[in-house]
Amino acid sequence: MDSDLAESLKALKDAFGRRHLRAEFGRADAPRVEALRGTLKLPRRFRTFLLEADPLDVETKTPVERIRLIPSEKLLDEQKGLALTETGAARTGPGPAGWRPSHIVIAHSTLLGDPYFLDVASPDAEGDCPVYTAMSGTDTWKPRLCASSFAMFLRILAVTMDAAREFPESSADMDDEQVFREALGPRIREYDPAAAKAGHWT
């Protein structure tokens, strides 16, 4: 595991520890990851993550969002009807509401149902890809940048978890939500200016 991914993963695990929240990571089987690579064109860094820290039961919690990472054994099923057809075949063109075959779901909002996904069309030199989200239930999927890379996505999740320590575990107070989002801006900008500018987290 390269240093950027290792540091981001450690930051996320530490954030769970400081919040006294359970997070279960495992190790995905190499043959399964290789099969996923062939079907979904998963980039190198995400494959490494699955091999060394498969998110068996990992869900972040903040006043405004809960994000559950998808374990390797469920990744294929999560793509059906999106990057894959309902029968699991690879798409050759856009799917329903314009979903692209290169958009691979890796997490979900358990509050809103929105997907978080890699765009595997153009991996960078590190074998990584940006992470986006899009509002579900709309006529057209409109991706919004969440992180410049998957490693940075893990780091941002850690930042949001740490920021949430200063707020009640569950709050319906809109003022608290706004203060939380405002507090996130500078913290995310420190690591990923492009994600901060995109505005998803704030």
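Analyst: Happy to. Let's start with residue classes: Ala, Val, Leu, Ile, Met, Phe, Trp, Tyr, Cys and Pro count as nonpolar, Asp, Glu, Lys and Arg as charged, and the others, Gly among them, as polar. On that scheme, the lining of the largest pocket in this predicted model divides into nine nonpolar, eight polar and five charged residues.

User: Which residues lie nearest the centre of that pocket?

Analyst: Leu112, Asp114, Thr133, Arg144 and His200 do, out of 22 lining residues. The pocket has a volume of about 410 Å³, and helix H6 (residues 174–191) gives the largest share of its lining, three residues.

User: What makes the lining of the largest cavity nonpolar, by class?

Analyst: Look at who is there: Phe46, Phe49, Leu50, Pro55, Leu69, Ile70, Ile106 and Phe150. Phe, Leu, Pro and Ile all count as nonpolar, so the tally is eight nonpolar, no polar and no charged residues. Helix H3 (residues 44–53) gives the most to this lining, with three residues. The volume is about 30 Å³, and the search of the whole structure finds one cavity of 30 Å³ or more.

User: Now the rings. How many aromatic pairs are there?

Analyst: The search finds nine.

User: Why is the pair of Tyr116 and Phe153 called tilted?

Analyst: Stacked needs planes under 30 degrees apart and edge-to-face needs over 60, with the rest tilted. The planes of Tyr116 and Phe153 are at 35°, so this pair is tilted. Their centres are 5.8 Å apart, and pairing asks for centres within 6.5 Å. The pair links distant parts of the chain, with Tyr116 in strand S6 (residues 115–119) and Phe153 in helix H5 (residues 150–163), 37 residues apart.

User: What makes the pair of Phe153 and Trp201 tilted?

Analyst: Their planes are at 40°, so this pair is tilted too. The centres are 6.5 Å apart, and the cut-off is within 6.5 Å. Phe153 in helix H5 and Trp201 in the segment after helix H7 (193–198) are 48 residues apart.

User: How do you know that Phe153 and Trp201 are buried?

Analyst: Buried means under 20% relative accessible area. Phe153 has 0%, so Phe153 is buried. Trp201, at 6%, therefore counts as buried as well.

User: Which residues do ring pairs link into a cluster?

Analyst: Trp99, Phe117, Tyr132 and Trp141.

Note on methods
Residues numbered from 1 in each chain as written. Predicted model: local features only at pLDDT ≥ 70, side-chain atom pairs only at ≥ 80, totals over all residues. Heavy atoms only, no water. 1 Å grid on protein atoms, 1.4 Å probe; cavity = no way out; pocket = protein on both sides within 12 Å on 5 of 7 lines; lining within 4 Å. Points joined across faces, edges and corners; volume = space filled by probe spheres on them. Helix = DSSP H or I, 4+ residues; strand = E, 2+ residues; numbered from the N terminus. Phe/Tyr/Trp six-rings, centres within 6.5 Å; stacked < 30°, edge-to-face > 60°. Buried < 20%, exposed > 50% of the residue type's maximum accessible area, 1.4 Å probe, protein only.
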